[in-house]
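I opened this notebook to record what I looked up in one protein model. The entries go from the whole chain to single residues.

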Amino acid sequence: FGQMMDAARNVRGSRLPVGRELGVEEIAAMYAACRKDGDVCGARDAAAIALMFGAALRRFEAVSVQLANYDSMKGALQVIGKRNKERLIPLSTGAQAAIAYWISFRGSKSGPILCPIRGGKVHIDQMSPDAMYKVCVRRAKQAGLASFSPHDLRRTTATTIIDRTGDI
């Protein structure tokens, strides 16, 4: 009986994953909400969504990426992620366009790609990961979407890649 109890204690449970995947129409609605603003915040937020969705970045990675790590000629982004892992990420033409448009407001001064905006002016400082969460909440609300987290953008990209290729 004691062996059966030990075996029962060692059985691990599992939970359904938290979060959700976003549909193509939801992603499009967020980009449309950014375009509708037609200002510096809309451009920055579209670039943030492009990095978190198009490059499957975690929010801390998105705010950490430096302008020097973006190669616009190759359309690729060099990222240092969890556990100091470095990777080179090719970007879609749509993501490249969103980043290029944002950089037209941001300028070419060295520093993080994504920057805070205060009083309509870009400040070349690093944003907080929490700011990326607030971007998602604001744009989801504007687009009339159910709430989601920045990690859901990464989850959506990963699922899309697996569905298309069978491999992450």
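**Entry 1. Ground rules.** I noted that this is a predicted model, in which local features need pLDDT of at least 70, side-chain atom pairs count only at pLDDT 80 or more, and totals for chains, interfaces and linings use all residues. Residues are numbered from 1 along each chain as its sequence is written, and side-chain values use heavy atoms, with hydrogens and water left out.

**Entry 2. Confidence.** I looked up pLDDT, the predictor's confidence in each residue, from 0 to 100. The protein averages 84, and 85% of the residues score at least 70. Helix H1 (residues 2-9) has the lowest confidence, with a mean of 59, while strand S1 (residues 70-71) has the highest, at 95.

Entry 3. I took helices (H or I, at least four residues) and strands (E, at least two) as DSSP runs, numbered from the N terminus. The protein has seven helices and five strands. Read from the N terminus, their order is α-α-α-α-β-β-β-α-β-β-α-α. For accessibility I used a 1.4 Å probe and protein chains only: buried means under 20% relative accessible area, exposed over 50%, and partly exposed in between. Of the 168 residues, 39% are buried. Contact means heavy atoms within 4.5 Å. Among contacts between residues at least 6 apart in sequence, 57% join residues at least 24 apart.

**Entry 4. Helix H3.** I then examined H3 (residues 40-54), which has 15 residues. The expected span of a helix is 1.5 Å times one less than its number of residues. From first C-alpha to last, H3 reaches 20 Å, close to the 21 Å expected. Twelve of its 15 residues are buried, so H3 is largely enclosed by the rest of the structure. The buried residues include Val 40, Gly 42, Ile 49, Leu 51 and Met 52.

I also checked both sides of H3. For polar contacts I used pairs of N or O atoms within 3.5 Å; within protein, one must be able to donate a hydrogen and the other to accept it, and residues adjacent in sequence count only if both atoms are side-chain atoms. Asp 39 caps the N-terminal end, with a side-chain oxygen 3.1 Å from the backbone nitrogen of Cys 41. Just after the helix, Ala 56 takes a positive phi of about 55 degrees.

**Entry 5. Asp 45 and its partners.** Which residues does Asp 45 touch, not counting those up to four places away in sequence? I found Cys 34, Val 135, Arg 138 and Arg 139. Asp 45 is in helix H3 and counts as buried because its relative accessibility is 0%.

I defined a salt bridge as a side-chain nitrogen of Lys or Arg within 4 Å of a carboxyl oxygen of Asp or Glu. A search of the whole structure finds nine. Arg 44 and Asp 45 form one of them, at 2.8 Å from N to O. Arg 44 is buried, with a relative accessible area of 6%.

Arg 138 and Asp 45 form another, at 2.7 Å from N to O. Arg 138 lies in helix H6 (residues 129-143) and Asp 45 in helix H3, so the pair ties together parts that are 93 residues apart in sequence. Arg 138 is partly exposed, with a relative accessible area of 38%.

Arg 139 also forms a salt bridge with Asp 45, with the closest N and O atoms 2.8 Å apart. This pair links distant parts of the chain, with Arg 139 in helix H6 and Asp 45 in helix H3, 94 residues apart. Both Arg 139 and Asp 45 are buried. I recorded that Asp 37, Arg 44, Asp 45, Arg 138 and Arg 139 are linked in a network of salt bridges.

**Entry 6. Arg 106.** Arg 106 is in helix H5 (residues 93-106), and its side chain reaches the backbone oxygen of Lys 109 at 2.7 Å. Not counting residues up to four places away in sequence, Arg 106 touches several residues, among them Leu 67, Pro 112, Cys 115 and Ile 124.

**Entry 7. Glu 26.** At 13% relative accessibility, Glu 26 counts as buried. Glu 26 and Ala 143 are 117 residues apart in sequence and 7.9 Å apart in space, C-alpha to C-alpha. Beyond four places in sequence, Glu 26 touches Arg 20, Glu 21 and Leu 145.
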